[in-house]
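Hello,

Here is the structure I said I would pass on. My notes on it follow below.

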Amino acid sequence: MLYYCIMKKEILCMMPYELEDMLRAYGEKAYKAKQIFAWLHRGATFDEMSDISKKTRQFLSENTTLVYPEIVQKQVSKLDGTVKYLFSMYDGQLIESVVMRYKHGNSICISSQAGCRMGCRFCASTLGGKARDLSSGEILSQIIVAQKDIGERIDNVVMMGIGEPLDNYDNVIRFLELVGAPGGLNIGYRHISLSTCGLVDRIYRLAEEEYPITLSISLHATRDEERDEIMPINKKWGIDELLSACRAYFDKTGRRISFEYTLIHGKNDTPAHAKRLASLLLKYFDKAPFHVNLIPVNTVAESGFTAGNEQSIKRFTEILEKSGVNATRRRRLGSDIDASCGQLRHKNSNK
Ligand code: SAH
């Protein structure tokens with residue numbers, strides 16, 4: 001007896017040309033692939049695909065899997081309309097996405113892994129380690145479901161949710177292909193940011209892919225001994241290697257790098273730190289454009305870190321600006337709804 005073990009493909013991970021190949025092999029017209037791709041990116045089930053024949057829908061449901069994340073919790077900030085979703089994936093893994101409303105459109109912050117293994121000391125996402133990578137379709141479907149839920153187009157994507165995107169490299173690259181493909185969500189690469197704690201080998205690799213996305217670097221310290229203490233990845237690649245990779249990324253892509261600097265009271269937020277941060281970045285970038293985002297740390301109980309007072313944050317920003325460094329203090333959105341990365345997943349896994 002012949003025994004076939006066929007792994008069903010996740011249809012949300014498929015590009016239009018792959019859907020075409022599959023349909024052609026089945027005996028359906030290839031142009032139907034475009035319609036199916038559009039339906040999928042609008043969050044439709046097979047049954048809802050009204051311009052696809054019943055037989056073809058049957059074929060799709062027998063040969064592929066289609067699971068959208070389920071919204072298990074949704075919190076809407078009364079202060080600024082920020083929406084935070086706690087999603088359950090097909091296997092019960094919990095992840096988070098946050099939709100932020102700006103004058104220039106809607107932005108979504110998405111997760112790339114269920115959990116994280118990078119171990120940054122201030123971050124709630126890494127407390128339980130990494131459970132698994134998300135597939136490209138699972139990364140994508142956070143946008144699909146959120147867009148459908150708010151009933152408005154999502155214009156910008158930041159990969160700053162749970163997980164380290166460059167630690168899930170292949171799935172993230174495929175996600176970039178899917179999200180930019182015509183006929184689907186079709187979000188331009190200039191509207192996408194990817195944030196990393198500094199996987200230097202992958203930064204060089206990403207530069208070679210030449211997507212015009214914005215690279216965001218979680219820097220948070222100016223000296224190796226201080227960064228080693230809060231971000232274990234720094235023991236593998238120190239600040240010099242990281243900033244050299246950033247400079248190479250800029251030289252290759254021409255895209256301005258964005259640096260995230262989380263202000264932790266008494267650890268990295270003194271005037272001396274501000275001066276060192278300015279001279280460090282100017283050393284590698286000189287006249288090349290870059291930007292610093294300052295984020296007062298959100299307290300995660302386990303870390304014991306707190307943000308400084310308003311005055312020290314203001315002083316830090318001013319020192320950077322006086323030194324010729326472009327810096328903005330990140331607006332705190334959703335502060336009433338645990339909107340910081342990993343807080344909800346962590347809370348719910350503790351229950
Ligand atoms: N792994 C990626 C993306 C996820 S973290 C990275 O490290 O960049 C997204 C951003 O939120 C990072 O800059 C991270 O350092 C920051 N962050 C994490 N926990 C935080 C907290 N408690 N308060 C403020 N920022 C935090």
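Serine 303 sits in the loop that runs between strand 13 (290–296) and helix 10 (310–322). The model is a predicted one. With a relative accessibility of 13%, serine 303 counts as buried, since the cut-off for that class is under 20%. Its side chain reaches the backbone nitrogen of phenylalanine 305 at 3.1 Å. Apart from neighbours within four places in sequence, serine 303 is in contact with Arg121 and Phe122.

Next, the aromatic pairs. A search of the whole structure gives 7 of them. In one, the ring centres of tyrosine 26 and phenylalanine 59 are 3.9 Å apart and the planes are at 15°, so the pair is stacked. Tyrosine 26 belongs to helix 1 (residues 16–26) and phenylalanine 59 to helix 3 (residues 54–63), so this pair ties together parts 33 residues apart in sequence. Tyrosine 26 is partly exposed, at 30% relative accessible area, while phenylalanine 59, at 15%, counts as buried.

Phenylalanine 259 and phenylalanine 290 make an edge-to-face pair, 6.2 Å centre to centre with 75° between the planes. Phenylalanine 259 is in strand 12 (residues 257–263) and phenylalanine 290 in strand 13, 31 residues apart. Both residues are buried. Phe259, Phe285 and Phe290 form one aromatic cluster.

Last, a helix packing. The axes of helix 6 (residues 200–209) and helix 8 (residues 239–253) come within 9 Å and cross at roughly 0°, which makes helix 6 roughly parallel to helix 8. The residues of this contact divide into 9 nonpolar, 2 polar and 3 charged. Among them, Val200, Ile203 and Tyr204 are on the helix 6 side, and Leu242, Ala245 and Tyr249 are on the helix 8 side.

Regards

Terms used: Residues numbered from 1 in each chain as written. Predicted model: local features only at pLDDT ≥ 70, side-chain atom pairs only at ≥ 80, totals over all residues. Heavy atoms only, no water. Axes fitted to C-alpha atoms, helices over the stretch in contact; angles between N-to-C directions. Helix = DSSP H or I, 4+ residues; strand = E, 2+ residues; numbered from the N terminus. Parallel < 35°, antiparallel > 145°, perpendicular 65-115°, else oblique. Contact = heavy atoms within 4.5 Å. Nonpolar A, V, L, I, M, F, W, Y, C, P; charged D, E, K, R; others polar. Buried < 20%, exposed > 50% of the residue type's maximum accessible area, 1.4 Å probe, protein only. Polar contact = N/O pair within 3.5 Å; in protein donor to acceptor, adjacent residues only side chain to side chain. Phe/Tyr/Trp six-rings, centres within 6.5 Å; stacked < 30°, edge-to-face > 60°.
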